[in-house]
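Welcome! Take a look at the protein model below, and then let us walk through its strands, helices and cores together.

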Amino acid sequence: MGKTVTTYLLDSNPKGTRYVFISNKICQMYVIPRYQIQSVSNRAVLQTPSLYILLGEDDELRQKAYIGQTENFSKRVKDHDSKKVFWDKALVFVSRDATMTKADVQYLEHKAIEIASSSNTFILDENRQVPKEPNLPEHRKDDMNEFFEDIEFLVSFIGCGIFDTVESEDKQLFYLKSRGCNASGFYSSNSFTVIKGSIITESSAQSLSSSNKRNRLVGEYTIRKGNNLVLNSNITFNSPSTAANFCNGMSTNGWTSWKNEEGNTLDSVIRNGD
């Protein structure tokens with residue numbers, strides 16, 4: 001069954017502010033570049049209860065986001081504009097019929113952070129903990145669960161994978177053995193997931209420009225078992241190359257270094273269909 005999705009460009013600029021919604025649904029998503037925040041903040045709909053996500057530029061290893069809720073985004077974002085450096089785009093989710101309450105968006109925030117943390121596709125280090133779930137009536141919780149399904153759809157519609165749940169079942173595995181690492185993972189929707197239990201190289205090569213960020217991720221996502229650093233959870237990266245850089249600590253072309261059991265490269269399997 002198909003869906004009709006409407007996108008409206010506020011200033012006819014495909015890279016400018018736009019809002020997106022699904023026909024016959026009340027969830028509306030504003031996509032606002034940081035440089036246009038002030039010019040659209042006077043819109044009444046942005047002064048109502050909302051869930052929002054601040055998205056950063058692509059990290060050299062992973063992308064970063066901050067998830068929050070507010071009764072007035074136009075007012076709240078002023079604080080983020082002055083205190084948070086990383087972000088360059090905001091996604092704001094509001095109700096087209098203006099029926100959401102503070103408790104509603106608190107529930108959405110709880111659900112969004114919980115799912116995004118479980119997905120582990122974006123760095124959420126500024127969301128230091130999952131907020132407690134507010135006590136909503138049963139019927140209202142059902143309404144917000146349906147609203148959140150539309151949020152997930154709209155986020156995916158613009159190509160953001162913050163809520164994507166990547167499973168290894170039925171995925172072809174690829175392997176990387178280099179500089180002492182012995183890692184396995186799989187490719188999915190333009191991202192690459194390194195699987196829990198992979199052995200990760202401890203040291204970063206001096207030539208790796210993202211070594212500080214890599215070292216931070218190694219400290220956060222690995223545990224020591226004997227002489228090895230072992231990944232303690234699945235972790236998804238923006239590309240096969242950034243996944244390989246993380247695993248072996250050097251600048252690597254992931255498309256040619258990740259290989260399946262037959263020795264075929266990721267490039268030959270995915271891009272060339274071998």
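This is a predicted model: local features need pLDDT of at least 70, side-chain atom pairs count only at pLDDT 80 or more; totals for chains, interfaces and linings use all residues.

## Starting with a pair of strands

In which sense do strand 2 and strand 3 pair, and over how many bridges? Strand 2 (residues 18-22) and strand 3 (residues 27-33) are antiparallel partners, joined over four bridges. Helices (H or I, at least four residues) and strands (E, at least two) are DSSP runs, numbered from the N terminus, and two strands pair if DSSP finds at least two bridges between them.

Residues are numbered from 1 along each chain as its sequence is written, and side-chain values use heavy atoms, with hydrogens and water left out.

Seven strands make up an open sheet with mixed pairing, in the order 1-2-3-6-4-5-7. Its edges are strand 1 (5-9) and strand 7 (122-123), each of which pairs on one side only. Helix 3 (residues 102-119) lies across strand 4 (50-56) and strand 5 (63-70), and it runs at about 160° to strand 5. Such angles run from 0 to 180 degrees between N-to-C directions, with axes being lines fitted to C-alpha atoms, for helices over the stretch in contact.

Two loops deserve a look. Serine 12 sits in the loop between strand 1 and strand 2, and its phi is positive, about 65°, although it is not a glycine. Asparagine 24, in the loop between strand 2 and strand 3, also has a positive phi, near 70°. Serine 12 is exposed at 64% relative accessible area, and asparagine 24 is exposed at 80% relative accessibility. Here buried means under 20% relative accessible area, exposed means over 50%, and partly exposed is in between (1.4 Å probe, protein chains only).

## Two nonpolar cores

A nonpolar core is a set of buried Ala, Val, Leu, Ile, Met, Phe, Trp, Tyr and Cys residues joined through side-chain atoms within 4.5 Å. The largest one has 31 residues, and Ile53, Ile67, Phe93, Ile151, Ile162 and Phe163 have the most contacts inside it. Two or more residues come from each of strand 2, strand 3, strand 4, strand 5, strand 6 (87-95), helix 3 and helix 4 (138-157). Apart from this core lies another, of 24 residues, including Leu229, Ala243, Ala244 and Leu266.

Which residues does isoleucine 162 touch, not counting residues up to four places away in sequence? Among them are Ile53, Ala65, Ile67, Phe122 and Val155. A contact means heavy atoms within 4.5 Å.

Strand 9 (residues 181-188) pairs with strand 10 in the antiparallel sense over four bridges, with phenylalanine 186 opposite threonine 193. These strands form a hairpin with two residues between them, and serine 189 in the turn has a positive phi of about 50°. Strand 10 also runs antiparallel to strand 14 (residues 235-237), joined to it by three bridges; valine 194 has isoleucine 235 as its bridge partner there.

## An enclosed helix and the cysteines

Is helix 6 (residues 240-248) enclosed or open? Helix 6 is largely enclosed by the rest of the structure, because nine of its nine residues are buried. Those buried residues include Pro240, Phe246 and Cys247. After helix 6 comes glycine 249, with a positive phi near 70°.

How many disulfides are there? The count is zero, where a disulfide is a pair of cysteine sulfur atoms within 2.5 Å. The sulfur of cysteine 27 is too far for a bond, because the closest cysteine sulfur, in cysteine 160, is 14 Å away. For cysteine 247, which is in no disulfide, the nearest cysteine sulfur is that of cysteine 181, 5.6 Å away. Cysteine 27 is buried at 1% relative accessible area, and cysteine 247 is buried at 0% relative accessibility.
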